[in-house]
Amino acid sequence: MSLGIFVVFASILSFVLGIMVNLTNNGLKKEDFFLKIQSTIILSEVTDLILRQNQFDSFLDCSTNLASLTTLDLSQNHLQRFFFLCKDEYNLQVLNVSHNKLEYIDDNALNDRIPKLKILDLSSNKLSIVNETMLEHLKILEFLSLADNPIGDGIHENAFWMLSALKHLDLRNVSSTFFSGELFKKLINLSILDLSWNPISMIPLLPTNLEELDISGTQIFQLNGFYLPRLRELRMNNMPNLTKLALNDLENLTSLEILSLVGCRNLVQLTVWPHHGLLLPRLQRLSIENCALETLESDLRLILQRTAVVNLRNNPWKCDCRMQWLNTNNSLKELNTEIKCSMPDRHRNKLLKEIPIYELECESVSSIFYPILWSGITLLIVFVILLSVFFAVKRQGGKWTVRRRNRDTVTYTNVVESSNDLARAASRDISTSEDRWYQRGSALSVREAPGCGDRKSPDIEDRRERESSRRSQLEVGIPS
């Protein structure tokens with residue numbers, strides 16, 4: 001659409017309605033609007049100005065007359081800053097500057113010149129900090145969205161203390177790992193809070209007046225009985241660390257009407273412990289889709305009977321004896337149409353309601369016990385064999401040599417031989433050693449006594465007799 005035709009169209013619209021000008025998606029820059037278009041429109045009478053999806057990089061009120069303006073939509077532009085400076089007070093009630101390039105909100109942006117602001121959307125920008133002065137003048141603000149900003153832990157704990165009228169706070173996906181308990185302390189009228197898709201692992205201290213809470217996509221894995229007596233809706237979708245949930249953890253949510261657990265891929269167990277009184281007495285809708293539940297315990301019967309809408313689709317249900325109670329309970333017949341079996345193989349892709357009760361069987365104890373028993377016995381036998389081989393090898397490895405002073409040796413070939421065998425072996429080794437010693441001694445004696453070579457030495461004969469007697473004693477096992 002050409003600029004001239006558009007100006008005519010906008011003029012006609014302004015003339016007919018008298019309060020609204022919608023200039024969405026026209027590729028307008030701030031120069032086009034302030035220098036050309038506003039000269040054809042009486043902006044002082046406009047109450048709703050829609051400048052969405054254009055090319056504004058800034059917006060300054062001094063360039064125009066916005067005396068009657070109550071709604072200003074500058075979303076999906078290229079805004080890096082905006083100011084309200086040139087009028088003492090505006091009637092502005094709705095300001096949408098989402099999906100822009102705002103990195104910081106100047107003190108001259110959200111100042112005391114817009115005290116009537118009730119709705120503020122700052123989502124999908126580049127904000128990294130929210131301090132106590134940024135929002136201090138917005139004392140009747142009811143809706144605030146900071147979603148999809150890379151704020152991290154840059155929200156000061158007293159940033160919201162002046163927003164006592166706030167009813168809806170959206171902190172979705174702001175990359176915060178922790179929310180201080182002081183952050184929400186002064187939000188006495190807060191009824192809707194969205195903390196989803198933040199890497200928090202615990203639920204912070206929350207205002208007791210909350211009616212809707214969203215903690216989807218967080219790292220929370222356990223709910224420790226938080227107290228929110230007015231909460232009507234709790235969304236816990238796509239929580240990767242949630243593996244089991246005892247509904248007793250929600251016992252203080254006495255006004256809860258809607259509980260959503262969609263897409264919790266690791267949720268394998270939903271239980272109820274023995275409980276005094278009525279648990280979740282106002283629950284009207286329970287959604288547990290696309291999770292990892294395989295069975296429903298019969299302890300859930302009372303809650304499922306009282307809940308008007310129960311959605312259990314797309315879980316890997318194991319249709320065995322533990323699910324029989326669902327087929328025998330007439331009040332839960334409609335629930336059976338939600339349950340499609342994944343296990344065992346003979347029931348795969350069947351609806352629970354189509355399976356006769358006598359076919360919902362559990363594996364017998366013996367079919368599980370005996371394979372485990374035989375596996376244990378096999379392992380025990382293998383262990384005994386290996387132990388026997390180990391000791392046999394150790395027993396046969398006992399041969400060693402002892403060197404004596406005269407460099408002769410005594411060799412032991414088996415450490416477990418009998419004492420007699422040991423004595424005989426020692427005797428033979430000693431005899432061999434002594435014979436060699438005597439031979440050397442005899443030769444020496446002959447050399448030392450010439451002329452007596454044919455006569456044996458008496459000392460040598462005595463020694464031989466003593467050694468012979470000693471060997472005889474060792475052979476019969478008599479100690480010398």
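Of the contacts in the chain with a separation of 6 or more, 52% are between residues 24 or more positions apart, a contact being defined by heavy atoms within 4.5 Å. The structure is a predicted model, in which local features need pLDDT of at least 70 and side-chain atom pairs count only at pLDDT 80 or more, whereas totals for chains, interfaces and linings use all residues. Residues are numbered from 1 along each chain as its sequence is written, and side-chain values use heavy atoms, with hydrogens and water left out.

The chain contains 8 helices and 21 strands, assigned as DSSP runs (H or I of at least four residues for helices, E of at least two for strands) and numbered from the N terminus. Of the 480 residues in the chain, 39% are buried, where buried means under 20% relative accessible area, exposed means over 50%, and partly exposed lies in between (1.4 Å probe, protein chains only). The chain exposes about 26,800 Å², of which carbon and sulfur atoms supply 52%; accessible areas come from the Shrake-Rupley method with a 1.4 Å probe, and for residues only the protein chains shown count as cover.

A nonpolar patch on the surface is formed by Leu-373, Trp-374, Ile-377, Ile-381, Ile-385, Val-389 and Val-393, which together have about 660 Å² of accessible area. Such patches are made of residues with over 30% relative accessible area and no salt bridge, with nonpolar side chains (Val, Leu, Ile, Met, Phe, Trp, Tyr) joined within 5 Å and like charges within 9 Å. Val-393 lies in helix H6, which spans residues 365–395, and counts as exposed because its relative accessibility is 58%.

Ser-58, by contrast, is placed in strand S3 (residues 58–60) and is buried, because its relative accessible area is 10%. The side chain of Ser-58 makes a polar contact of 3.1 Å with the side chain of Lys-30, and a further polar contact, of 3.4 Å, joins the side chains of Ser-58 and Asp-57. A polar contact is a pair of N or O atoms within 3.5 Å; within protein, one must be able to donate a hydrogen and the other to accept it, and residues adjacent in sequence count only if both atoms are side-chain atoms. When residues up to four places away in sequence are not counted, Ser-58 touches Lys-30, Leu-79 and Arg-81.

The whole structure holds 13 salt bridges, each defined as a side-chain nitrogen of Lys or Arg within 4 Å of a carboxyl oxygen of Asp or Glu. Arg-232 forms one of them with Glu-211, the closest N and O atoms being 3.5 Å apart. This pair links distant parts of the chain, 21 residues apart, with Arg-232 in the loop between strand S11 (212–214) and strand S12 (233–235) and Glu-211 in the loop between strand S10 (192–194) and S11. Arg-232 also forms a salt bridge with Glu-212, with the closest N and O atoms 3.6 Å apart. Glu-212 lies in strand S11 and Arg-232 in the loop between S11 and S12, so this pair ties together parts that are 20 residues apart in sequence. Arg-232 is partly exposed at 31% relative accessibility, as is Glu-211 at 29%, whereas Glu-212 counts as buried at 18%.

A salt bridge of 3.9 Å (N to O) joins the side chains of Arg-313 and Glu-289. Arg-313 lies in the loop between strand S17 (309–311) and strand S18 (317–318), and Glu-289 in the loop between strand S16 (285–287) and helix H3 (301–306), so the pair ties together parts that are 24 residues apart in sequence.
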